[in-house]
Amino acid sequence: MKQEVLFIILNEYADWEGAFIAACLNMGVMPGSEVMYTPKVVAPTLDAVRSIGGFRTLPDYSFQTMPTDYAALILIGGMQWNSPEAAQVVPLVKDALQRGKIIGAICNAASFMAKHGFLNNVKHTGNTIQQLKLWGEQNYTNETGYEEKQAVSDQNIVTANGTGQLEFCRELLLLLKADTPERIHESYDFYKNGFVR
């Protein structure tokens, strides 16, 4: 039976940041790959959520109805990670951490992780060290753990900046063991460099 990977989105979420990882999980990393996971969307309520690009997305679950059995929790960036709705995600991340779940956070979702002290014991990245310090204030105490990279994977946490969606995808696929490392890197190379080189 396929395991679910939960994508948390808020209004004004960044459409592109979860697109590659969701497609690879839903259809397979490469043509003919085994499909082991099912992506599901989680939002504050079951009402439609609108992306930065204007897409309306109907969630599979609300924060209250999401399952406790899942493979990973992926926080998709956007413009509302400093809002009251985002504060409702704190207990979801705490629970995932306590249960050893894989957690991904990209763009402003990585800043949200810094704000709540979730990056204090792992190597990580985000939308610049300055932004993580600005959002995190006294709760962010791991400036030395920051790496100037598109995406960083450490322990069970993957972080990325808002232009690192392909690297974010690659690192999450590797943690999830969604395919062989070779096929995951081949998929990354294809999306990064395309048909024509």
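1. A word on the model before going on. It is predicted, so local features need pLDDT of at least 70 and side-chain atom pairs count only at pLDDT 80 or more, while totals for chains, interfaces and linings use all residues. Residues are numbered from 1 along each chain as its sequence is written, and side-chain values use heavy atoms, with hydrogens and water left out.

2. As background, strands of a sheet pair through backbone hydrogen bonds, either parallel or antiparallel.

3. Strand 8 is joined to strand 9 (residues 157-160) by 4 bridges, and these two run antiparallel. Ser 153 stands opposite Val 158 in strand 9. The two strands make a hairpin with 2 residues between them. In that turn sits Gln 155, with a positive phi of about 55°. Gln 155 is also exposed, with a relative accessible area of 54%; exposed means over 50% relative accessible area, buried under 20%, and partly exposed in between (1.4 Å probe, protein chains only).

4. Strand 9 itself is covered on both faces. Ile 157 and Thr 159 are buried on one side, and Val 158 and Ala 160 are buried on the other.

5. Which residue in the loop between strand 7 and helix 4 (108-115) deserves a look? Cys 107 is found there, and its phi is near 60°, a positive value in a residue other than glycine. Most residues other than glycine have a negative phi. At 13% relative accessibility, Cys 107 counts as buried.

6. At the other end of the sheet, strand 1 (residues 3-8) pairs with strand 2 in the parallel sense over 6 bridges. Val 5 stands opposite Pro 39 in strand 2. From strand 1 the chain passes through helix 1 to strand 2, and this β-α-β crossover is right-handed, meaning that with the strands pointing away from the viewer, the path from the first strand over the helix to the second runs clockwise.

7. Strand 2 also pairs with strand 5 (residues 61-62), again in the parallel sense, over 2 bridges. In this pairing Val 42 stands opposite Tyr 61 in strand 5. Because 6 of the 7 residues of strand 2 are buried, the strand is largely enclosed by the rest of the structure.

8. Gly 28 lies in the loop between helix 1 and strand 2. Is Gly 28 buried or exposed? Gly 28 is buried, with a relative accessible area of 11%. Its C-alpha atom is separated by 29 Å from that of Met 113, 85 residues apart along the chain.

9. The largest pocket has a volume of about 270 Å³. Of the 13 residues that line this pocket, the closest to its centre are Tyr 13, Asp 15, Gly 18, Ala 22 and Val 41. Helix 1 (19-27) and strand 2 (37-43) are the elements that give two or more residues to the lining, and the largest share, 3 residues, comes from strand 2. A pocket is an open set of points on a 1 Å grid over the protein atoms alone, where a 1.4 Å probe fits, with protein on both sides within 12 Å along at least five of seven lines; lining residues have an atom within 4 Å of a point. Grid points are joined across faces, edges and corners, and a volume is the space filled by probe spheres set on the points.

10. Finally, the record. An unreviewed UniProt entry annotates residues 4-173 as "domain: DJ-1/PfpI"; such annotations may be inferred rather than shown by experiment, and UniProt positions are given in the numbering used here, with feature names shortened. Over residues 4-173 the chain is 28% helix and 21% strand, and the end C-alpha atoms are 13 Å apart.

Conventions: Two strands pair if DSSP finds at least two bridges between them.
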